Amino acid sequence: MDVSLENLSSSQKDELMSTIKQKMAIANAQELVTKMTEKCFKKCVGKPGQDLDGSEQKCIAMCMDRFMDSWNVVSRALTQRLHQEQYKG
């Protein structure tokens, strides 16, 4: 199937870009959850068992909060940089 973007109308291009952005956002969210789970579990859970004890639960909650905060800082910085690069010309 040979599809060229040149053959698409403006509204079709906009729809395609919207779909791509949505898929990228989903992939980003999945990556965030996977990495956060791996890192926080590794850091906070010494011996996996049936349940998490109180200190493990607290550690995981704090780890997830820090991870999300860090992720948001990096995402904002990347978005700013991309906007700056886009408008440089």
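## Gln-57

Gln-57 is partly exposed, its relative accessible area being 47%; residues under 20% relative accessible area are termed buried, those over 50% exposed, and those in between partly exposed (1.4 Å probe, protein chains only). The residue is found in helix H2. Helices are DSSP runs of H or I with at least four residues, numbered from the N terminus.

## Basis of the model

The model is predicted: local features need pLDDT of at least 70 and side-chain atom pairs count only at pLDDT 80 or more, whereas totals for chains, interfaces and linings use all residues. Residues are numbered from 1 along each chain as its sequence is written, and side-chain values use heavy atoms, with hydrogens and water left out.

Helix H1 covers 10–44 and helix H2 covers 54–88. For H1, 35 residues at 1.5 Å a residue should span 51 Å, and the end C-alpha atoms are 50 Å apart, which agrees. The expected span is 1.5 Å times one less than the number of residues in the helix.

Leu-32, Met-36, Cys-40 and Cys-44 are buried in H1, and the buried residues of H1 pack against H2. In H2, the buried residues are Glu-56, Ile-60, Cys-63 and Phe-67, and they pack against H1. An α-helix has 3.6 residues a turn, so residues three or four places apart point the same way.

## The nonpolar core

The largest nonpolar core has 8 residues in all: Leu-32, Met-36, Cys-40, Cys-44, Val-45, Ile-60, Cys-63 and Phe-67. A nonpolar core is a set of buried Ala, Val, Leu, Ile, Met, Phe, Trp, Tyr and Cys residues joined through side-chain atoms within 4.5 Å. H1 and H2 each supply at least two residues of this core, and the largest share, 4 residues, comes from H1. In soluble globular proteins, nonpolar side chains tend to be buried together.

Phe-67, placed in helix H2, is buried at a relative accessible area of 16%. Leaving aside residues up to four places away in sequence, Phe-67 touches Leu-32, Lys-35, Met-36 and Lys-39, where contact means heavy atoms within 4.5 Å. The C-alpha atoms of Phe-67 and Lys-35 are separated by 9.1 Å, although the two are 32 residues apart along the chain. With the same exclusion, Cys-63 touches Cys-40, Lys-43 and Cys-44.

## The largest pocket

The largest pocket has a volume of about 340 Å³. A pocket is an open set of points on a 1 Å grid over the protein atoms alone, where a 1.4 Å probe fits, with protein on both sides within 12 Å along at least five of seven lines; lining residues have an atom within 4 Å of a point. Grid points are joined across faces, edges and corners, and the volume is the space filled by probe spheres set on the points.

Lys-21, Met-24, Ala-25, Asn-28, Trp-71, Val-74, Ser-75, Leu-78 and Thr-79 form the lining. Helices H1 and H2 are the elements that give two or more residues to this lining, and H2 gives the most, with 5 residues. By type, the lining residues divide into 5 nonpolar, 3 polar and 1 charged; Ala, Val, Leu, Ile, Met, Phe, Trp, Tyr, Cys and Pro count as nonpolar, Asp, Glu, Lys and Arg as charged, and the others, Gly among them, as polar.
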